[in-house]
Amino acid sequence: MRLRVSQSWLSVALFVVTSARAQAPSAPVPPSAAPAPPAAPVLPAAKAAAPDVSVTSTCVERIPEGKLRPKLSETFPSRGKSGHAATLSVKVTHLKGEEVLPGGFRVADGEGLDALKAAYLALPDPQGPAGPVITRGAEGTETEVKLSVVPLPPKPGRHELILPPLPISIARASGQVVTVCTQPHTITIEDPIANTPNPEPKPNPPPRRQLEDWELLRRLVYGGLVAVVVGVLAAWLFTRWRRRPRPLPPPPPPRPAWEVALEELHDIRHAGLIRQQRFSEHFDRVSDTIRQYLGNRFGFDGLESTTREALAVLDGVTPAVEPMDKVRAFLRQADLVKFAQLTPTEEECELALSRGEEIVHSTMPARVPSKTAEPSARGTA
């Protein structure tokens with residue numbers, strides 16, 4: 001009975017002490033004694049593992065003072081395979097007139113390549129199919145750059161690699177060059193045969209055709225093609241030149257008027273017109289021959305000119321025609337026979353032929369001795 005009473009009093013005392021503490025004002029807590037933030041939850045060992053490499057990049061952004069940084073939108077795969085290219089896609093939003101990577105994507109030798117090598121990443125050949133691809137938007141305010149990198153971890157198995165920041169240069173319309181850096185990206189690399197149960201070694205791939213740059217052969221082929229073209233062109237030009245219309249040889253010089261007149265008078269003499277009593281025809285042929293000769297000799301149309309016109313021309317010739325009286329008499333007598341319809345006699349026909357021959361001989365130019373005859377003449381002298 002006494003034990004039960006003691007326990008009851010002890011319970012009451014503890015209740016009073018506890019109530020007094022709860023009602024007592026709490027003392028201010030100094031700043032140094034502020035409660036610490038809750039500790040971060042402890043992750044499993046597989047997730048808390050650090051990447052295999054650290055980010056070591058020499059990319060430095062250069063933005064003119066007072067200018068905004070161009071907006072970059074980046075995508076990079078989170079998983080990949082060793083030896084297989086992973087593509088970093090960067091969309092750059094910029095102003096019109098600005099050009100992204102004007103000289104193409106380049107990583108300077110030295111620290112830039114050393115950072116990629118330290119991250120176990122390699123850049124494919126820029127001239128190959130996996131080289132950088134730059135796509136410029138039609139509106140000129142957006143450019144997409146696709147860059148492929150090949151992860152090459154030193155050991156097999158799973159690895160986490162970090163792609164270091166890469167420089168993106170932008171040429172402004174004013175000539176300034178802005179350089180911005182991409183964000184570091186983490187990628188988990190697996191072996192190509194990680195998901196293959198009991199993998200076996202595969203044989204070597206078949207050999208590929210190798211292309212050799214044979215400079216001498218290319219020059220010979222190009223030279224041969226040029227020679228063929230030049231030869232064909234030269235042959236065509238030569239053929240055109242051979243088929244060209246050639247000028248006709250000059251005609252022979254005209255015969256002297258006096259030779260033609262004397263030959264015609266000779267034919268009239270032996271034509272037998274007088275013997276056949278065709279006196280008018282004989283007289284007309286002699287008259288036409290003399291008229292044509294005078295015209296050819298002194299420069300006028302003898303057959304179409306009247307007697308008055310012919311005499312006017314002959315009177316003005318210098319030096320003067322010596323047998324002018326005989327010419328005047330002959331032409332007037334020919335007009336009487338032609339226009340007055342007078343029939344000449346046989347004697348008049350013979351006389352007209354003789355006078356015509358005399359007119360031709362008297363109006364012939366003086367003979368000039370040839371130059372070949374002068375030395376012989378001097379030598380004989």
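What follows is a short tour, from the whole chain down to single residues.

## Ground rules and overview

This is a predicted model, where local features need pLDDT of at least 70, side-chain atom pairs count only at pLDDT 80 or more, and totals for chains, interfaces and linings use all residues. Numbering starts from 1 along each chain as its sequence is written, and side-chain values use heavy atoms, with hydrogens and water left out.

The protein has nine helices and eleven strands. Both kinds of element are DSSP runs numbered from the N terminus: helices are H or I with at least four residues, strands are E with at least two. Of the 381 residues, 26% are buried. Here, buried means under 20% relative accessible area, exposed means over 50%, and partly exposed is in between, with a 1.4 Å probe and protein chains only.

Look at the contacts too (heavy atoms within 4.5 Å). Among those with a separation of 6 or more, 70% link residues 24 or more positions apart. The accessible surface is about 28200 Å², and carbon and sulfur atoms hold 58% of that. Such areas come from the Shrake-Rupley method with a 1.4 Å probe; for residues, only the protein chains shown count as cover.

A quick reminder: strands of a sheet pair through backbone hydrogen bonds, either parallel or antiparallel. In this report, two strands pair if DSSP finds at least two bridges between them.

Now find strand 7 (142-151). How many of its ten residues are buried? Seven are, so strand 7 is mostly covered.

| Partner of strand 7 | Sense | Bridges | Bridge pair |
|---|---|---|---|
| Strand 5 | antiparallel | two | L121 and P151 |
| Strand 6 | antiparallel | four | I134 and V145 |

Strand 6 covers residues 133-136. Strand 6 and strand 7 make a hairpin with five residues between the strands, and G140 in that hairpin has a positive phi near 80 degrees.

## A cavity

Grid points are joined across faces, edges and corners, and the volume is the space filled by probe spheres set on the points.

Searching the whole structure turns up one cavity of 30 Å³ or more. The largest cavity has a volume of about 40 Å³. Its lining consists of L88, V90, F105, V145, L147, L166, I168 and T182. Strand 3 (86-93) and strand 7 each supply at least two of the lining residues.

Strand 8 runs antiparallel to strand 11 (residues 185-190), and five bridges hold the pairing. Across that pair, L161 stands opposite I187.

Another open sheet also has three strands, ordered 4-9-10 with antiparallel pairing. Strand 4 and strand 10 (177-181) are its edges, each pairing on one side only. Strand 4 and strand 9 (residues 167-171) share two bridges, and V100 has I170 in strand 9 as its bridge partner.

Most residues other than glycine have a negative phi, and most peptide bonds are trans.

L101 has a positive phi near 50 degrees. This residue sits in the loop between strand 4 (99-100) and helix 2 (111-118), and L101 counts as buried because its relative accessibility is 3%.

Y120 also has a positive phi, about 60 degrees, without being a glycine. You'll find Y120 in the loop between helix 2 and strand 5 (121-122). Is Y120 buried or partly exposed? Its relative accessible area is 32%, so Y120 is partly exposed.

Finally, a cis peptide bond joins T318 and P319, with omega about -5 degrees. P319 belongs to the loop between helix 6 (307-315) and helix 7 (324-339).

Key. On a 1 Å grid over the protein atoms alone, a cavity is a set of points where a 1.4 Å probe fits but cannot get out, and a pocket is an open set with protein on both sides within 12 Å along at least five of seven lines; lining residues have an atom within 4 Å of a point.
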